[in-house]
Amino acid sequence: MTAETRGPIDPQAAASVADAVEPLLRTVGLTRHFHLGGILSKQTLHAVDDVSVSIAEREIVALVGESGSGKSTVARLLAMAYKPTRGEIYYRGRSVHSFRSRKDLLWYRGQVPMVFQDPYSSINPVFRVSHGVMRNLQLHRPNLGSAERREEAARVFEVVGLTPSVDMLRKFPYEMSGGQRQRVGFAQALAVQPRLILADEPVSMLDVSIRAGILNLMVDLREVESVSILYITHDIASARYVADRIIVMYAGHVVETGPADVVLARPKHPYTQLLLSAVPDPREPISVSASPTVGEPPKVVNPTEGCRFRWRCPVAVDECSRVTPRLRTLGSAHSAACHVATADPA
Amino acid sequence: MPSPILEVRDLCVDYVTNSGDVRAVDHVDLSVEAGEFLAIVGESGCGKSTLLFAIAQLLSPPAEISSGSVIFKGKDMVQLSPSELRHMRWRDYSVVMQSAMNALNPMKSIEAQFKDAMAAHSDMSVEAMHKRSAEVLKLVGVDAVHLRSYPHQLSGGMRQRAMIAMALLFTPDLVIMDEPTSALDVVAQRSLMIQIKELQDRLGFAVIFVTHDMSLVSHYSARLAVMYGGQIAEAASTSLLFEKPLHPYSVGLLDAFPSIHGPRRVLTGIPGSPPDLARPPAGCRFQPRCPQAMPKCATRQPDLYSVGGSMVRCLLYEAAQPGRPE
């Protein structure tokens, strides 16, 4: 990165650049390895390997995978909570690793805040729920006076459906239900005027009857606040409900990506097919081939070349153990990393 | 017609607190036949886990059973002494706890934990215990080499399987499961459910399965009881309840999760949050969240009405009762 492009950029200039070619956020070969064991150990866990994805303005992208697939690591890399081992993250065309000063980092973190999985432990229990929102406003929008901050806090509470905001802002976390607390999480993120919210399994800890409300909230936020959302989940049915595009991860690799409807209607990768078949759907009769699925996602320690799904794959061929499959385009905007998958007939 | 192996009659459980008693389980009736799969579905705080603990006689203060009986194999478990209960636990019925991560002892190998249970409840020889441990572990599809493993060396799915193996050590007549799959992801979850069902078919034990996810049990349970605010809101055969849910709460639950097939529908969920059982709403407990609430719902507590094979606690079906005035 050259010196001129350092620092928060002029929003208008940024927008015009983004409109031209750049998606809102783009990663190139993003990789994160963790060293395991003592200092003499040569074991490395490949949590995320060579992930190249993009998120456009006002787009909801679902990142789907089992636990241990690396989806949360991706979120933490994007939030700059981890440094990548290799690869780059471009935000509006600028490498985030060029953000070094406190001012730059604060700006980026305001643009790309995170909402956490567990609403019971992610909100400080000793403060009123207004605390987190007010503190975010103080940090990220210092030009607001105290009256404006209160107004803005009330506004974001109304947007996420915590009404009447006057009463809600005064509550302590223990006075709120799980669904309300998760809305506080979204209010905190919204207060900083974000462009992209990283939502890491925001509904998995909530009761079924409350989930729909939070899923609808995400869809509304895109309409009302024009934010993009990276929705991380293991529930592919909810991904279909909210997302425009789905990215499926397995053992640190992106194995399939495409428009939500297409991926669900015509899954190309055998892993996506497995995920889909595992979703319990009372509206469907149980499938005939209902047998316990063999195997579990591997821990990717010092991997060798080859497809990481091959041990569980029903259609594996010789090539799968020799060559790591790359993402190939198999339909319009639809690609999968599989040697066996075939393209849509043209 | 097999006779019920377990009958819960008019069971009430109170949590005794300084600011008054909180009734977590409110006049619940249930029966489970030998070899049956009964699912209990409800949100957190609806009393489903308390009900399980009351059935298994695992409640500890401040919770206490204030009325009712739990008849298991002809004995009222509420009246049994601790030593009488000890003879029944694990041999006649066993419990699989919610979180396998925390329910297994991290300091002991799987086999040591199996042996603990067998030594406490039988006088088997060491070889017999070893043989049985290997047997049950194979039964749930885990290789016997893992007898020597410690819990941290197993994946979540394998730990949960080990927990189930442990519950089957004596091939009990009833296995009580408290959300055994909640910490697993979809693929592992499905494979565990199929495993449980297979074992049940093979060994013939009855299962009470508690979960908050209705869709999970849709293909496995014979009967379903939906709990809300400490009460049974609706009870019916699973297929009937999915086909024709009667209680507005069951309807809401069924509409609350997205489908992967068919057109995308807007989900409404259920507005509001579950009742605070320390201050339950007057009248019907679901009335503050109910889209079909009527004025009388706020003042009158509905009974369980029998409507075409279902039992439902809702005033909408009061009129359907024979011999009742409109």
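Domain bounds, as I use them here, come from an automatic or database domain assignment. I note at the outset that this is a predicted model.

**Entry 1, domains of chain B.** I looked up the assignment for chain B and found domain 1 (4–92 + 173–282) and domain 2 (104–171). Their C-alpha centres lie 26 Å apart. I then examined the contact between the two domains, to which domain 1 of chain B gives 13 residues and domain 2 of chain B gives 14 residues. On the domain 1 side, helix H7 (residues 186–203) of chain B supplies the largest share, 6 residues. I sorted that side of domain 1 by class and recorded 10 nonpolar, 1 polar and 2 charged residues.

**Entry 2, the sheet of chain B.** I traced an open sheet of 8 strands in chain B, in the order S6-S7-S8-S3-S9-S10-S12-S11, with mixed pairing. Strand S6 (93–96) and strand S11 (305–307) of chain B are the edge strands, each pairing on one side only. From one strand to the next, the twist averages 20°. In S7(B), B:Leu174 stands opposite B:Tyr93.

I turned to the contact between the chains, which takes 37 residues from chain A and 35 residues from chain B. On the chain A side, the elements giving two or more residues are helix H8 (208–225), helix H9 (236–242) and helix H11 (270–278) of chain A. H8(A) provides the largest share of this side, 8 residues. I recorded the classes of the chain A side as 18 nonpolar, 10 polar and 9 charged residues.

Note on methods: Residues are numbered from 1 along each chain as its sequence is written. Chains are lettered from A and ligands numbered from 1 in the order in which they are written. This is a predicted model: local features need pLDDT of at least 70, side-chain atom pairs count only at pLDDT 80 or more; totals for chains, interfaces and linings use all residues. Two residues are in contact if their C-beta atoms, placed from the backbone, lie within 7 Å. Helices (H or I, at least four residues) and strands (E, at least two) are DSSP runs, numbered from the N terminus. Ala, Val, Leu, Ile, Met, Phe, Trp, Tyr, Cys and Pro count as nonpolar, Asp, Glu, Lys and Arg as charged, and the others, Gly among them, as polar. Two strands pair if DSSP finds at least two bridges between them. Axes are lines fitted to C-alpha atoms, for helices over the stretch in contact, and angles run from 0 to 180 degrees between N-to-C directions.
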